Amino acid sequence: MSWNADPQVLSPVGRPIEELLTRRARRQSLPGFEPVYSDIVDYILRCTHRIWEEKNIGLCRTHYAADMPMFTPGGVARGAEEVTRATVTSISAYADRSPIGEDVIWSEDTPGTFLSSHRIMSFGAHLGADALMGPATGVRRGVRVIADCLCRENLIIDEWLVRDNLQFARELGINPLALARRHAAADREGDQARHGWHVAERVRVRETAGVTPPADHPAAPVAEALRTAFDDQLFGDAGTAVSPSVEAQWPGGRHVFGRGGWIGLVIQLAAGLVDTRFRLDHYAARPLPHGDIAVALRWSLVGRHGVAGVWGAPSERELLVFAISHYRLRGGRIIEDCTVFDEIAVVRQIEGGLGA
Amino acid sequence: MTVVDRLCAFARGDVTAARAVLHNCRTAGFGATAYGREEGAALFRAMPLDLNPGDAVVSDETVALFGNDADGIPAALFADVHDGQIMRLWALGSRQHDAGPVDATHVPVDLDLDQRGGAFDVVAVDHPALDPNGAEALRRLGQDWIDGQPRDIFGPVGRARPILLRAASGGGRSAALMMVQGLTPTKGVARFAVGVLIGDAGKIVVDAAGRAAGLACRRVVELRPADGNGAGAAP
């Protein structure tokens, strides 16, 4: 289907929450979805609200497939029951959790099967024990999250979730290196088969071809820019896809402006890795207000941590960086870049965790 | 109320105007970042701005307002808007919110990408509401800063390079929000916002609070430093 089909399904950008959560009649074909949902954007925003804010966490059982995988850089959760349990635990740690949606960029790759990319600033007071961040710090902060969901007949059948855990740790007053080392030490204990996804994923990213947007798709120049940068190290050429007015926010509080800034981000990520391979797994685009276009890319990098850089002395381990990026395009060039990857998971691998 | 009226009221700390501010509006100002209506309203209650609606530059996408803060020091407010809703705010002024700096990972940046020196880009397609006269005036101003680097605006920041983030024209005036970046002797890249009003009396407002907060921010250059404790010395 065309990237801008169903124009009646609006981006949430620029629309108040009161409007977004007002019930409305169905305005998109959603076979098998509950009548309460008017379109795929509404499905994502409303079910997030119902589960996380209305605290009807048991709705996970009617919104997640029984055996679905939730892929995160820190591990894989399996099935609606595990997702339900994890959500209860998470809300007990951050009782006032407020997942504030910034955008939902989606595609309908086959009729009735949607892939959504939901960018969120998730706020909550860390008042309970959290599986990753540890004991309560009492601090209320936000963390940027992007969740990609493959949805069919009201069920999420695959999910990929990335969170800027490193900056979140900093905001909570937690030393991110100490946090990563603690989890890496735990990773090295027990049944190593639980890291099977990471081991297999590093191989998959390195040895299999990803997807390529067609030339007339808005995501095409963006995807090509990342490939040109990471596979060919032609960072200047990659930068031609970027407006001189670009603003980019990457994990760890990285906030840059201008083409030189964007190139700096990409080079920093590439610099510590040797024999890098870039793989694009999904792309989507949707119209935004004022004629701009939102593009979502889900992508991964593998490379040997063989050079000293932002991640310190080389560990010689094969690393997986799993990322989702949201872009705003104007005139065919990137004018905003919001990229999320879990750098705690990267450092965890460097420290010998996650099967690395 | 017009969106200009709502912005002026919100910037005075009037929370009844907050309904026009989106639930996910990011407010950058006073050396801090606030998210949403309540946090944004709290910033302006603490540090209200007195803005002049007569100076407003309004387009379909942006609003720029100029005035003073509670100390009488020049201030400015830039907003991204859509259908009367306020999506994003930048408040430029001198007062600093005492939020405390948070570590951020430092990114090495080449500000010029060319030893022939940087040029100040005003790309029409990026700023469709900017008229040609406004664009030319901004181009001259930005290039003058690159070439002359007036110390009264930039202070100790060396090799300053402005980047145009928002620009629009309206009512015979043009307004621009720029991010000025420079290489400091000890802190790497420093940046601060500058608001420019072209036409009438003309104004330049520097986000002094943002500049101070940026220089105070601890920049982490290595996430696994040799000292082993993740402190990651700043440049």
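The side chains of A:Arg227 and A:Glu224 come together in a salt bridge, with 2.9 Å from N to O. This is a predicted model, so please read every distance here as a computed one. Both residues belong to helix H8 of chain A, where they sit 3 residues apart, about one turn of the helix. A:Arg227 counts as partly exposed because its relative accessibility is 28%, and A:Glu224 is partly exposed too, with a relative accessible area of 37%. Side chains of opposite charge can pair when their charged atoms come close.

Let's follow helix H8 of chain A to its end. In the loop between helix H8 (220-232) and helix H9 (235-239) of chain A you will find A:Gln233. A:Gln233 is not a glycine, yet its phi is positive, at about 55°. With 45% relative accessibility, A:Gln233 counts as partly exposed.

A:Glu316 is another residue other than glycine with a positive phi, in this case near 65°. Its place is the loop between strand E10 (293-305) and strand E11 (318-330) of chain A. The side chain of A:Glu316 also meets that of A:Arg304 in a salt bridge, 2.5 Å from N to O. Because A:Glu316 lies in that loop and A:Arg304 in strand E10 of chain A, the pair ties together parts that are 12 residues apart in sequence. A:Glu316 has a relative accessible area of 45% and is therefore partly exposed; A:Arg304, at 32% relative accessibility, also counts as partly exposed.

Now turn to chain B, where 6 strands form an open sheet in the order E2-E1-E6-E5-E4-E3, with mixed pairing. Strand E2 (32-35) and strand E3 (49-58) of chain B stand at the edges with a single partner strand each, so one side of each has no neighbour in the sheet. From one strand to the next, the twist averages 20°. Within this sheet, E5(B) and strand E6 (residues 85-92) of chain B run antiparallel and are joined by 7 bridges. One residue pair to look for is B:Ala79 with its bridge partner B:Leu89 in E6(B).

Two helices lie across strands of this sheet. Helix H2 (residues 36-46) of chain B lies across E1, E2, E3, E5 and E6 of chain B, at about 40° to E1(B).

Strand E5 (residues 74-82) of chain B also holds B:Asp80. Is B:Asp80 buried or exposed? Its relative accessibility is 11%, so B:Asp80 counts as buried. Beyond its neighbours within four places in sequence, B:Asp80 has contacts that include B:Glu61, B:Arg88, B:Trp90 and B:Arg166. With B:Arg166 the contact is a salt bridge between side chains, 2.7 Å from N to O. As B:Arg166 lies in strand E8 of chain B and B:Asp80 in strand E5 of chain B, the pair ties together parts that are 86 residues apart in sequence. B:Arg166 is buried as well, with a relative accessible area of 11%. Both residues take part in a network of salt bridges that also links A:Asp292, A:Arg328, A:Arg330, A:Glu336 and B:Glu61.

B:Tyr35, B:Leu223 and B:Arg224 supply 19% of the area that chain B buries against chain A, more than any other three residues. Across this interface there are 6 salt bridges, and B:Arg88 forms a salt bridge with A:Glu247, with the closest N and O atoms 2.7 Å apart. Polar contacts between chain B and chain A number 23 residue pairs.

E9(B) pairs with strand E10 (residues 188-198) of chain B in the antiparallel sense over 11 bridges, and the two form a hairpin with 3 residues between them. In that pairing, B:Met178 stands opposite B:Val194 in E10(B).

Conventions:
Residues are numbered from 1 along each chain as its sequence is written. Chains are lettered from A and ligands numbered from 1 in the order in which they are written. This is a predicted model: local features need pLDDT of at least 70, side-chain atom pairs count only at pLDDT 80 or more; totals for chains, interfaces and linings use all residues. Side-chain values use heavy atoms; hydrogens and water are left out. Helices (H or I, at least four residues) and strands (E, at least two) are DSSP runs, numbered from the N terminus. Buried means under 20% relative accessible area, exposed over 50%, partly exposed in between (1.4 Å probe, protein chains only). Contact means heavy atoms within 4.5 Å. Two strands pair if DSSP finds at least two bridges between them. Axes are lines fitted to C-alpha atoms, for helices over the stretch in contact, and angles run from 0 to 180 degrees between N-to-C directions. Buried area is the accessible area (1.4 Å probe) that two parts lose on being put together, summed over both. A salt bridge is a side-chain nitrogen of Lys or Arg within 4 Å of a carboxyl oxygen of Asp or Glu. A polar contact is a pair of N or O atoms within 3.5 Å; within protein, one must be able to donate a hydrogen and the other to accept it, and residues adjacent in sequence count only if both atoms are side-chain atoms.
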